[in-house]
Amino acid sequence: MDKERKLIIAGNWKMNKTVAEALDLVSGLKRECKDVKEVDIVVCPPFTALGEVSKAILDSNIRLGAQNMSEHNYGAFTGEIAAGMLKEFSVRFVILGHSERRQYQKESDALINKKLLAAHGASLKPILCIGETLAEREAGQMEKILATQLRGCLSGLPRQQMEETVIAYEPVWAIGTGQTASTQQAQDAHLYIRAVVAKLFDDTVARRVRIQYGGSVKSANARDLMSQPDVDGALVGGASLEDRSFADIVKNSI
Ligand code: PGA
């Protein structure tokens with residue numbers, strides 16, 4: 001598949017995998033994906049496995065991501081992890097604003113914006129998650145929700161840092177439900193997101209920014225989704241927990 005932007009496929013392991021299991025998974029992935037050059041492959045293990053996974057993927061084509069970070073750089077914030085601490089493990093990406101954190105930890109666009117700026121301050125590339133719920137989609141509010149999330153989360157971001165931000169469009173109703181957005185629904189949302197980025201920044205930035213689709217991506221639907229002109233990769237949950245299924249998504253996307 002010939003794309004203007006390099007595909008980026010990331011595995012969000014969520015709260016799964018002990019260190020031993022994580023090492024098993026990446027060793028399989030390294031084997032399965034060793035010849036892949038066309039795709040940026042990222043794994044996002046839980047914090048507890050970052051150190052060992054980081055060592056295991058040295059000299060491979062797999063990059064490391066975290067699932068969250070604090071908006072603060074250091075200090076009295078019990079239980080939090082700062083961007084600088086992630087950098088110690090050669091983490092390059094960080095998922096921010098995942099709908100599960102918006103829902104369970106009540107993360108707001110304003111907080112996610114602070115985290116995004118802190119991530120860039122430490123040269124970490126954010127994977128910014130946005131997406132509407134089923135009720136919002138059915139009420140015809142999808143565009144309004146996406147625009148509000150983008151405006152809030154991207155506020156004050158310099159254009160260079162916008163280009164290095166990855167956006168993950170994850171319709172909440174498609175996450176972990178087996179109900180994928182249709183390729184047309186994904187393409188329409190991505191095109192809209194790119195238009196909002198063009199309005200907030202400019203056309204060049206919008207053309208360069210990578211937009212992933214997330215929500216029940218599996219090997220069977222990866223090719224169709226990635227063939228859409230504005231879909232530049234995937235953020236994969238459930239199907240990233242097993243080496244074969246994640247590697248098949250990567251390979252089927254090329
Ligand atoms: P899923 O999760 O692939 O299991 O739907 C995607 C995500 O939450 O990033």
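Q: What makes the backbone oxygen of Gln161 and the side chain of Thr165 a polar contact?

A: In this predicted model, the backbone oxygen of Gln161 lies 2.8 Å from a polar atom of the Thr165 side chain, and because a polar contact is a pair of N or O atoms within 3.5 Å, the pair meets that distance limit. Thr165 itself belongs to the loop between α8 (159–163) and β6 (166–169).

Q: Why is Thr165 called buried?

A: The relative accessible area of Thr165 is 0%, and since buried means under 20%, Thr165 is therefore counted as buried.

Q: What makes the pair Arg5 and Asp232 a salt bridge?

A: The side chains of Arg5 and Asp232 meet at 2.9 Å, taken from N to O, and a salt bridge requires a side-chain nitrogen of Lys or Arg within 4 Å of a carboxyl oxygen of Asp or Glu, so this pair qualifies.

Q: How do you know whether Arg5 and Asp232 are buried or exposed?

A: Arg5 has a relative accessible area of 9% and Asp232 has 0%; because the limit for buried is under 20%, both residues are classed as buried.

Q: Which residues are linked with Arg5 and Asp232 in a network of salt bridges?

A: The network links Glu4, Arg5, Arg194, Arg207, Asp230 and Asp232. Within this group, the side chains of Asp230 and Arg194 meet at 2.6 Å, N to O, and as Asp230 lies in the loop between α11 and β8 and Arg194 in helix α9, the pair ties together parts that are 36 residues apart in sequence.

Q: Why is Arg92 called partly exposed?

A: Arg92 has a relative accessible area of 44%, and because buried means under 20% and exposed means over 50%, this value falls in between, so Arg92 is partly exposed. Arg92 lies in the loop between α3 (83–87) and β4 (93–96), and together with Arg63, Lys87 and Lys125 it gathers in a patch of positive charge on the surface.

Note on methods. Residues numbered from 1 in each chain as written. Predicted model: local features only at pLDDT ≥ 70, side-chain atom pairs only at ≥ 80, totals over all residues. Heavy atoms only, no water. Patch = residues over 30% accessible without salt bridge, like charges linked within 9 Å, V, L, I, M, F, W, Y side chains within 5 Å. Areas by Shrake-Rupley, 256 points an atom, 1.4 Å probe, with all protein chains shown as cover. Lys, Arg positive; Asp, Glu negative; His and termini not counted. Charge placed at Lys NZ, Arg CZ, Asp CG, Glu CD. Helix = DSSP H or I, 4+ residues; strand = E, 2+ residues; numbered from the N terminus. Buried < 20%, exposed > 50% of the residue type's maximum accessible area, 1.4 Å probe, protein only. Polar contact = N/O pair within 3.5 Å; in protein donor to acceptor, adjacent residues only side chain to side chain.
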